[in-house]
There are 2 protein chains.
Amino acid sequence: MDAGGRVPYRPSLTQAARPSTFEVAAVDEHGERRDVPVAGEHPLTLYVDKRELLTLMTLGAAPEALTIGYLRNQRLVESLEDIVAVQVDWETNSVAVTTRGGLADLEAKTARRTKTSGCGQGTVFGDLMEDIDSVKLPADATLTQATLYDLLDKVRLHETIYKQAGAVHGCALATNAPRHAEILMFVEDVGRHNAVDAIAGRMWLEREDGADKIFYTTGRLTSEMVIKAAQMGIPFLVSRSGLTQMGYEIAQKVGMTMIGRATNKHYLLFTGAGRFRA
Amino acid sequence: MDAGGRVPYRPSLTQAARPSTFEVAAVDEHGERRDVPVAGEHPLTLYVDKRELLTLMTLGAAPEALTIGYLRNQRLVESLEDIVAVQVDWETNSVAVTTRGGLADLEAKTARRTKTSGCGQGTVFGDLMEDIDSVKLPADATLTQATLYDLLDKVRLHETIYKQAGAVHGCALATNAPRHAEILMFVEDVGRHNAVDAIAGRMWLEREDGADKIFYTTGRLTSEMVIKAAQMGIPFLVSRSGLTQMGYEIAQKVGMTMIGRATNKHYLLFTGAGRFRA
């Protein structure tokens with residue numbers, strides 16, 4: 001319930017997570033046979049109001065949140081209230097989305113396809129840079145070095161599919177207190193943009209705002225990753241990996257605080273130094 | 001010239017590689033300012049016979065080969081002879097492809113979009129699994145452990161953008177002699193499927209067949225990566241990274257010899273053990 005005693009709106013959802021790892025047989029360099037855990041990968045075809053939109057390849061750990069976050073990050077729906085139901089069916093590898101008003105301008109939005117540098121989905125419908133000028137990230141938010149180190153420590157200790165099976169990217173949404181960070185959500189997927197989108201979907205479902213959060217990713221900071229974090233309203237973007245020139249330029253443009261190569265007690269602060277307290 | 005004294009056909013091509021790295025300013029954990037090399041990332045919009053197809057985000061190191069390999073791997077053109085010209089223009093971030101006969105069935109092929117688990121482009125037009133049944137990989141090719149180790153050593157010593165700037169994936173095409181491997185092509189890109197496609201484009205341009213080669217990638221062995229290597233007719237697929245369940249299943253189905261977690265003198269042989277000599 002919210003402050004007014006009302007139950008927040010929630011679409012009708014299945015709970016259809018798939019097992020994340022499977023064992024396959026392999027032979028190592030000593031000729032020894034080993035059973036090795038590998039990450040799942042499944043096609044999931046999105047139908048919106050009975051119309052086929054596209055097929056995502058996914059780990060399948062959070063298919064409902066992935067679907068909602070995909071529609072959110074592609075700006076195909078404006079708010080959670082536009083979504084009536086999200087029904088995943090692994091028998092047919094499909095997810096049926098029912099919307100309140102239909103995706104009226106879907107034709108226009110899907111007319112331009114951009115294949116981006118991100119792992120995973122790659123494609124962004126519409127103009128990649130569209131709307132980015134309208135993003136306002138909070139100027140008064142701050143992140144301390146102590147909080148960053150606490151986050152990196154918690155990420156390091158987090159139980160992950162990556163540690164078991166590799167071949168996935170992880171994303172986390174964390175709180176940002178003066179010396180402490182708490183991981184609120186941690187999603188892994190075979191495509192790193194699926195992981196980001198699943199976080200975006202869960203943020204809508206759990207009514208989490210981005211302004212007071214930190215976004216962490218194991219993946220590279222390409223243009224698409226920076227744009228998605230900005231659209232989610234998150235002022236702090238932290239990655240274990242490096243960045244691209246365009247990721248850097250967009251982070252500067254939107255005034256995001258972006259930190260790369262962050263692991264243990266090492267990092268590089270690339271943009272938005274005004275919000276960071278060393 | 002080929003054996004008959006004829007000059008092999010070659011489309012009219014620009015040579016429009018972009019610089020791969022750029023320096024940006026960063027501040028490290030000690031508060032020291034550092035200039036850090038980062039990988040380039042540029043939009044490149046493909047026009048085929050003056051019709052806009054899509055926009056790729058690319059490092060820009062091999063835009064002509066990337067364009068040709070993209071059209072090849074998406075099965076939008078049948079052979080190099082179908083391509084008259086590939087003209088890259090970075091002033092407008094575009095590449096104009098002129099074909100001999102037009103892409104007659106482009107509508108049908110672009111109707112179904114699959115977003116895959118790969119880094120980079122992600123999308124495969126048409127049915128991901130279409131044609132995979134028709135792939136025949138040579139049964140009598142063999143790879144020795146000594147050749148694998150030689151390849152891994154050469155990859156390790158290869159000068160790369162990754163070592164300078166991170167944030168890119170690399171792919172290599174190598175020869176396969178009894179105890180020796182030679183890297184014929186090495187391409188890096190911000191999207192690993194761009195790197196694969198650029199190799200596919202160069203293989204057409206340089207008339208290289210896949211049957212007697214090894215394909216190496218720094219990236220994960222997802223369904224799309226395995227399908228692309230199979231389409232290129234390469235029986236050996238080697239990766240530093242892990243694999244997904246669907247990558248494993250498709251490699252088994254097409255009878256590919258697939259080796260993951262390959263670094264230094266370690267590896268895991270997952271499929272196609274009949275072609276491997278330890």
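How many residues of domain 1 of chain A are in contact with how many residues of domain 2 of chain A? I found 28 residues of domain 1 of chain A in contact with 30 residues of domain 2 of chain A, counting two residues as in contact if their C-beta atoms, placed from the backbone, lie within 7 Å.

I note that this is a predicted model, in which local features need pLDDT of at least 70, side-chain atom pairs count only at pLDDT 80 or more, and totals for chains, interfaces and linings use all residues. Residues are numbered from 1 along each chain as its sequence is written, while chains are lettered from A and ligands numbered from 1 in the order in which they are written.

**Domains of chain A**

I took the bounds from an automatic or database domain assignment; domain 1 covers 12–127 and domain 2 covers 143–277. Their C-alpha centres lie 21 Å apart. Helices (H or I, at least four residues) and strands (E, at least two) are DSSP runs, numbered from the N terminus. With eight residues, α1(A) gives the most to that side.

I traced an open sheet of eight strands with mixed pairing, in the order β12(A)-β11(A)-β13(A)-β14(A)-β15(A)-β16(A)-β2(B)-β3(B). Two strands pair if DSSP finds at least two bridges between them. At the edges I found β12 (183–189) of chain A and β3 (33–39) of chain B, each pairing on one side only. Within the sheet, β14 (236–239) and β15 (257–263) of chain A pair in the parallel sense over three bridges; F236(A) has T257(A) as its bridge partner in β15(A).

I then checked the helices. Helix α7 (residues 245–254) of chain A packs on the sheet, where α7 touches β15 and β16 of chain A as well as β2 (21–28) and β3 of chain B. The direction of α7 makes about 60 degrees with that of β16(A); axes are lines fitted to C-alpha atoms, for helices over the stretch in contact, and angles run from 0 to 180 degrees between N-to-C directions.

**Helix α1 of chain B**

I recorded α1 (residues 63–73) of chain B as mostly covered, with eleven of its eleven residues buried (20 or more other C-beta atoms within 10 Å of a residue's own, C-beta atoms being placed from the backbone). Among them are E64(B), Y70(B) and R72(B). Just after α1(B), R75(B) takes a positive phi of about 55 degrees.

Methods:
Buried ≥ 20, exposed ≤ 12 C-beta atoms within 10 Å, placed from the backbone.
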